[in-house]
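Hi,

Here is the structure I promised to pass on.

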Amino acid sequence: HAGNVLLSGDLYHSRENREFRRVPRINTDRAATLASMDRFEAIAKRDHARVVIQHDPRDVALLPRLPAYLH
């Protein structure tokens, strides 16, 4: 069992965006994005979850590969 895992979706595009709370220019509501980041981080902390940033190749490289991980 891998434990709890949170996928960032489009909230974060890189580890640095997460670390420095960078809001992408394309986001139209900075305050709403920052509030989403706060909620996401609270869930990650509460659930001791591993965060996977799907847009960051470094995180994607750490994910198990199908079908090998099923064996």
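Before anything else, one term: a residue is called buried when its relative accessible area is under 20%, exposed when it is over 50%, and partly exposed in between, using a 1.4 Å probe and protein chains only. Keep in mind that this is a predicted model, where local features need pLDDT of at least 70 and side-chain atom pairs count only at pLDDT 80 or more, while totals for chains, interfaces and linings use all residues. Residues are numbered from 1 along each chain as its sequence is written, and side-chain values use heavy atoms, with hydrogens and water left out.

**The whole chain**

The protein chain has 3 helices and 2 strands, and they follow the pattern β-α-α-β-α along the sequence. Helices here are DSSP runs of H or I with at least four residues, strands are runs of E with at least two, and both are numbered from the N terminus. The C-alpha trace spans about 45 × 25 × 15 Å along its principal axes.

Of the 71 residues in the protein chain, 27% are buried. The chain exposes about 5,400 Å², and carbon and sulfur atoms supply 57% of that. Those areas come from the Shrake-Rupley method with a 1.4 Å probe; for residues, only the protein chains shown count as cover.

Next, contacts, meaning heavy atoms within 4.5 Å. Among contacts with a separation of 6 or more, 66% are between residues 24 or more positions apart.

As for charge, there are 12 positive and 9 negative side chains, and the centres of the two sets lie 1 Å apart. Lys and Arg count as positive, Asp and Glu as negative, and His and the chain ends are not counted. Each charge is placed at NZ of Lys, CZ of Arg, CG of Asp or CD of Glu.

**The core and helix α2**

Which residues make up the largest nonpolar core? There are 11 residues in all: L6, L11, Y12, V23, L34, M37, F40, A44, A49, V51 and I53. Helix α2 gives the most to this core, with 4 residues. A nonpolar core, by the way, is a set of buried Ala, Val, Leu, Ile, Met, Phe, Trp, Tyr and Cys residues joined through side-chain atoms within 4.5 Å.

Not counting residues up to four places away in sequence, M37 touches L11, Y12, R21, R22 and V23. N4 is another story: it is 33 residues from M37 along the chain, and their C-alpha atoms are separated by 18 Å.

A44 belongs to the core as well.

T33 lies in helix α2, which runs over residues 30–46. T33 has a relative accessible area of 9%, so this residue is buried. Beyond its neighbours within four places in sequence, T33 is in contact with L11, V23 and N27.

**An aromatic pair**

How many aromatic pairs does a search of the whole structure find? The search finds 1. Y12 and F40 form this pair edge-to-face, 5.6 Å centre to centre and with 75° between the planes. The pair links distant parts of the chain, 28 residues apart: Y12 is in the loop between β1 (5–7) and α1 (15–20), and F40 is in helix α2. For the cut-offs, rings of Phe, Tyr and Trp (its six-membered ring) pair if their centres lie within 6.5 Å; planes under 30 degrees apart are stacked, over 60 edge-to-face, and the rest tilted. Y12 is buried at 1% relative accessible area, and F40 is buried at 11%.

Most residues other than glycine have a negative phi. R21, in the loop between α1 and α2, has a positive phi of about 50° although it is not a glycine. R21 is partly exposed, with a relative accessible area of 33%. H48 also has a positive phi of about 50° and is not a glycine. H48 sits in the loop between α2 and β2 (50–52) and is exposed, at 70% relative accessible area.

Finally, find L62 in the segment after α3 (57–60). L62 is exposed, with a relative accessible area of 56%. Even so, L62 is in contact with R15 and R50, leaving aside its neighbours within four places in sequence. L62 and V52 are 10 residues apart in sequence and 8.9 Å apart in space, C-alpha to C-alpha.

Cheers
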